[in-house]
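Work through these exercises with the model open. Each task is followed by its solution.

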Amino acid sequence: MSGSTINAKIRTSGHRPWIREHAVSFAFLAPAAIWLLFIVIYPTIDTVRLSLFNESATKFLGLTNYKTVFSTDTILTAFRNNVIWVLIFPFFVTTIGLIFAVLTERIRWATAFKALIVMPIVFSTTASALVWATMLDNSPQIGAVNAAVLTVSDWFNPPGAYPVSATAGQTVANLVGSNAHAEKNSSIVSNSSARAGGMIDIGLEDVSPTTLALLKAQDAVKPQPMSGAITGVVWRAFSPSDPTNKTDILPAELGLPILRLSLVNPQGVSVATTTTTTSGQYKFSNVGTGSYFVELVGSNFSSGFTGISWLGGSSLTPVSGLGQTAQALLSVPLADMAMIITYLWIWAGFAMVLIGAGLASLNREVLEAARIDGAKEWQVFRRVTVPMLAPVLAVVFVTMIINVLKVFDIVLNMASGSSINATPTLAVEIYNDGFTGGVHSGVSSAIAVILFLLVLPAMIMNLKRIKGV
Amino acid sequence: MLASFSVVGVNSAASASSSTKIGGSVSVWNEFSGAEATGFATALKPFEKETGVKVTVRNIGSSGPTLIEAAVAGGKPPNIAAVPTPGSFDLLAAGKRLTPLKPILGSEVKNFSAGWSAAASYKGTLYGLWLDSSSKNTVFYNPAVFKAAGITSTPTTFEQMLSDASTIAQAGYTPISYCSGTAGAGWSATDLFQNLFVKANGAAAYNNLVSGKLSWTSSDVTQAFADYSSLLGTNGANVGGISNALGTDQLWPTCVNNVFPTAGAPTAAMVIEASFVEQTTPANYVGSDASSCTLTQTNPCYDYFPFPASSGSKYVKDDQSSGDVAMLLKSTKASRALIKYMGSKQFATLWEEAPGGTITPNLSVPASALKNPVTASIVKNLNSATATVFSMDDEYGGTLEPQMWSNMLAWVGGTDTTAQFESTMQSETKAYLAANG
Amino acid sequence: MTTTAQTSDPTKRRHLLRRMLPARGPSNLVLGIIAIVWLVPTVSLLVISLRPEADFGVSGWWKALLDPASLTFSNYRVLFDQGFVAGGLLDSLMTSIEITVPATLLVVFFACFAGHSLVFGKWRGRDVVFLTVVGLMVVPVQVALIPVVQFYHELGNLFGLNPYGTIPGVIIFHVAFGLPFGIFLMRNFMSGIPMDLLEAARMEGAGEWKVFYRIVLPLALPALASLAIFQFIWVWNDLLVALVFLGGNAHTPLTVFLYDQNHELQANYWIISTGAIVSVIVPLIVFFSFQRYFVRGVLAGAVK
Amino acid sequence: MASVVLRNLTKQYSGNNAPSLEMLNLEIADGEFVCLVGPSGCGKTTALRMIAGLEDVTSGEIEIGGRIVNNLPSRDRDIALVFQSYALYPHLTVADNMSFGLKLRKVPKAEIEEAVQSAAKILDLVDLLKRKPAQLSGGQRQRVALGRALVRDPAVFLMDEPLSNLDAKLRVQTRAEIAQLHHRLQATMLYVTHDQVEAMTMADRIAVLNLGVLEQYGTPRELYNFPNNQFVAGFIGSPSMNFVSMRINRDVERVYLTGMSADSNIKVTLTDEQSDILRKSDCSDIVVGVRPEHLIEESIDHAGFSAVAEVEVIEFLGNDEHIHATSDDTDLVAILNAHSSVARGDSITLSAPHDTVHFFHPTSGLRLN
């Protein structure tokens, strides 16, 4: 063999292919690496640097910006909101995903169902926020959610024909025009009393012409007295020709139809009921001895359900007896809940798909073994299925924590003017602070670094878990 | 056009004599939409034709200041931007992003009153040009509803306004349809407070409050809120209730349509908002009483009265206004020419003439440009103001603006007492002023 | 990919399972109700977009269901009649496509290359590189906005090519923020490709490039599809990046178009709902056409 | 066709203490079929992958066809490898799988076509050429993998346990086919398996590896009859050889073996020749080995090995049966004719003739006779 010469030749050229192989490998990595270096890594490092400088990045401040973060109310509010999101959302989305995943195992149209539930993920957050802002509109005439609540509410608390808008500061007392006063139970009782054959007229004001048009009210006409009966008229005692005259029935003043009336004795006990005609007249026949008052029953003025202001500025838990800051930090804005509901709508499908996959890969024989061991269906679920699914559930849960820590779009798109101050999250604060008063923002960078540090452990946890799925 | 020809400076090739074609293009960012945008484009046409400059207008919506900041940082600001927020104007001027306009505008400077010029200056240098203005000193009302309540003349004092409101309520109408603005953005609630404060205490006190020289906890502020309460406390002040003011459904133009409905009968009598209500109203108001009112450009079925001051107030003619201030971010021959044109009589006249009800603080506009008597009256009122202030939320750029809205709505909704509002505002203003100097 | 022998087994199992579960009736009912609840918001958007503008503030959208004759395409007609006017709906639609398609393709290609390098390369430290990339998934987008805007400005100063305010500027940003997830997904998928296949190809004379595009790329196609769908939907639905980098531009994507409408003085609900439907159609088509890959992507990308 | 020579081939993975392969020397003649056998982890696959160029060589030399190929990439070594997993490209058809390498080499289309057709014919794949691997059965896939190697017409075929994924019946059949293929092609083949039956049936020569060390290299017959050491003796043959430890007693006139306990049931008698060898050995104990197939159930005269054992388990295999029996706490396995009437619990005598008894050194394991 001519070993040595061949050897030498190959050895000298021997390392080239090795290097070339790696060169190709590096070349493969290069585009991604360069891209990430300039657009992701550099800004991240720059953010850490900026967080230690003043707003215009000219003076080193050390940790001052971090101190500012923890002593600024708006940023603390953002922290609070992140906490609310993290505490509520991952739990619910995982639970809902689990329920859906388990239930879909048992139906034939599971594919269609899953597609339907997953669908919202592909919607832009802008569109989703828009849809849900409309769904949650506080007028039951527009918002489907409040309309649904209204339908239920009307069974128990139907609105009267002459609803009083309590939220506008209107009270039953405002309605009183003449010869009557409002009682504590929201009813209106005549000032004068009458015996059989007598008459009681009551004038009301503040009654919307629209309502009267709707009820086809006619001009008020004073009825004739009748023996053995108490009669009278209830009318809208307002005329543009003489706005201050509440006692006389002026031309074109309308009677108030379908008012429910009650005849009450001086002890306040109702002895008879009736309703008014389209011209506002009423009649109580066969009235006994003694004098009686006429009562306009409170239910006439009930406004019923007027809608929940989901996206308004109200909070779920107004804690009284605490300092203002503490109160602000402990309350849960209703708008947060509205956004969480929207987010559940978006992400439930994601949780369902992941958990469903976990469910499909479960060893069925273990479940069957449990059944053979005598476990009931619920026990199988509770003691075997769920524990076996634990790794998947954990991945969903932690993924959602990461997701929710970075929550941004939904808040930007959904918060209304009145809830805009109550609902920002850290990511929103980074955005808000970053572009105010010039674009260098130390505080904004400090928030970003903190957010980064908050997400990181969740991410590490997930990567460890995900290998087990 | 010819008038400006005589004062051509080195920089003001703007005069654009018909023989000079400048060419090139100018980018303009603003927040005009709908009819305003159309009118703006119409008003720019002669300039484009004369100079051969192509003007690209872009509506940057309400995130305008953010986008301008980003564009400046990105090295590609627009040539000209117009914002409704004097606050962000000040920040940009302070950051030396703007070009001084006095040498560029030349004689056009004289088209603006000293007040409006001052409002377009930063530390004494003129950096801006008010393109349009709105009077916030306006209360629009439905004459048919006033008639139905037996009210024959509009109120001239705040007290009279309260008593009229009470009468209207008795008649079964909501006296005041309270706008919570787009998505409840609190600016309307803020405007109302500002009207009350400036009418009672005058523009100087108002500006002191803005600049932190007057404390939010002062009795003047407290009194303004007391007045505010008495107005809202008038039963049924607000269509759908106060909680709706804080929600999302009292959207613009719903609050206007309560007074000037597109269908059916009106449910409310007055809407207290700026003159841009007009831009919403004529377009869709069918008139509440078709027999007596035929809606035309010259005969609107709506009317307004100036927001009244309490009887005895010295500041009846101190008004609140708003508008869009144009500024030169990137100076080129074409953009200088354009901003000079924007200060001209021709531009302002064309813009006011265009449908949409835009009015400008440009004094050179002839009265004949306004065919609508309501608009004409508003302009007259605007120009006769002894002092003009801007909305505080506009003066405060950035974070204080939404903070103030939110605080205001918390007060309106009854979550915060007046004292709580005052102390919150005081500390937030202090922090804001400390940060933005 | 599956033989008949493989699929028959699980179905048999499923039948067995079904028999052992309690009655399906209640499940069907409960899920039916859930399905309706889930569908309602989407239907509401569709109905609102089909109602006359004036009806919005007057009555709930469900009223239109009782009176289908009141529905009209006029909102769509108005929007589409604008044609490709800058800032109009169709122009925005085009801009969305112009941004989304390149941003998707670039991420897919670069992630494939990088995944190949990280899985099949034999250089030291590739685990460290991979972990770094995964770590980058944590970085919130907001963090990078300002520095990148300034970086673009610098590019303009140095080379006269400032991507700020241009579509490529948005694409560059999206590609960068799509890559960590893309690399993560591709690397995870590729590590499931048997090394034997690559060795076989190498032995048969394939160089690294040939191994990549003749063997790895075809095999990674499902993951590639998942990634493409995810990236497509992510970019298509992005508001923030487009707003900051393109907000002042005449041509903005659909999300910015919608956001602008949403926040102006007048709530143009008819434009918004109609525009929202248009904006949702493309991702929906993508979703329903490639549902399988989408679900696979969900499974693979659980950490994003 | 080419010979393969391995010289002091060593593989040391970083992080491992012992090398995975230590100083392997092996010469494979041109056209020879060599099996590398050994338990898992013995280094046989490592050796193969080093020859294939898939693993770096720590030290030593690999020579294929007279060329030292240590630093040549796989593609330049003129080899083909059949993987244990077959490594068929799932996205390509059978035909494309087979022609992949040729296409890369830019072989003219017609030539490729011809090569594929002829390989397909040999392997009975003609009807399957259009299919994808997923549509094939295990045996078919295996043949495609072979076909892919075949069309390349390499100097050396390398096979890495190519039959391990097949069921028992198919394995026997394919084993024969591969053997036949080798006869037909007369190609150099290096075949890795852990199954000694495969090695015995197919190989010209077998290399037995254990713990990275070559234990023995020889023809199947050599390995069976003259295993170098206890490991090879135990590894080759099924069931494996019985081993019994015994004590060496060196009398003045003779050497004899006794059981480890006093009352042992096992007796081994030695021939003179064997006595001589043991006398010369330096140890006091010895391991006696006897294959199960050499044990018979009767006492014979002059038996080399005999043991009285109690039957514990009987495995009936049809023609014959495996008897597991215990004697002196030592398990013995014997293959007996199925007609024997042995029953569980019986006490039987198992014997084997002198010439079938092997002696191994108790510590080094080396064969003494």
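Two strands count as paired if DSSP finds at least two bridges between them. The model is predicted.

**Exercise 1. Find the partners of strand S9 (residues 205–210) of chain D.**

Step 1. Start with strand S3 (residues 33–37) of chain D. S3(D) pairs with S9(D) over four bridges, in the parallel sense. Leu36(D) faces Ala207(D) of S9(D) across this pairing.

Step 2. Turn to strand S10 (residues 213–218) of chain D. S10(D) runs antiparallel to S9(D), and five bridges link them. Here Ile206(D) stands opposite Gly218(D).

Step 3. Inspect the connection. S9(D) and S10(D) make a hairpin with two residues between them. In the turn, Leu211(D) has a positive phi of about 50°.

**Exercise 2. Explain why S9(D) is largely enclosed by the rest of the structure.**

Step 1. Apply the cut-off: buried means under 20% relative accessible area.

Step 2. Count. Five of the six residues of S9(D) are buried, so the strand is largely enclosed.

**Exercise 3. State how many disulfides the structure holds, then check Cys35(D).**

Step 1. A disulfide covalently joins the sulfur atoms of two cysteines.

Step 2. Set the cut-off: the two sulfur atoms must lie within 2.5 Å.

Step 3. Take Cys35(D). Its closest cysteine sulfur belongs to Cys42(D), 12 Å away, so the distance is too far for a bond.

**Exercise 4. Are Cys35(D) and Cys112(C) buried or exposed?**

Step 1. Cys35(D) has 0% relative accessibility, so it counts as buried.

Step 2. Cys112(C) has a relative accessible area of 1% and is buried.

How values were computed. Residues numbered from 1 in each chain as written. Chains lettered and ligands numbered in written order. Predicted model: local features only at pLDDT ≥ 70, side-chain atom pairs only at ≥ 80, totals over all residues. Heavy atoms only, no water. Buried < 20%, exposed > 50% of the residue type's maximum accessible area, 1.4 Å probe, protein only.
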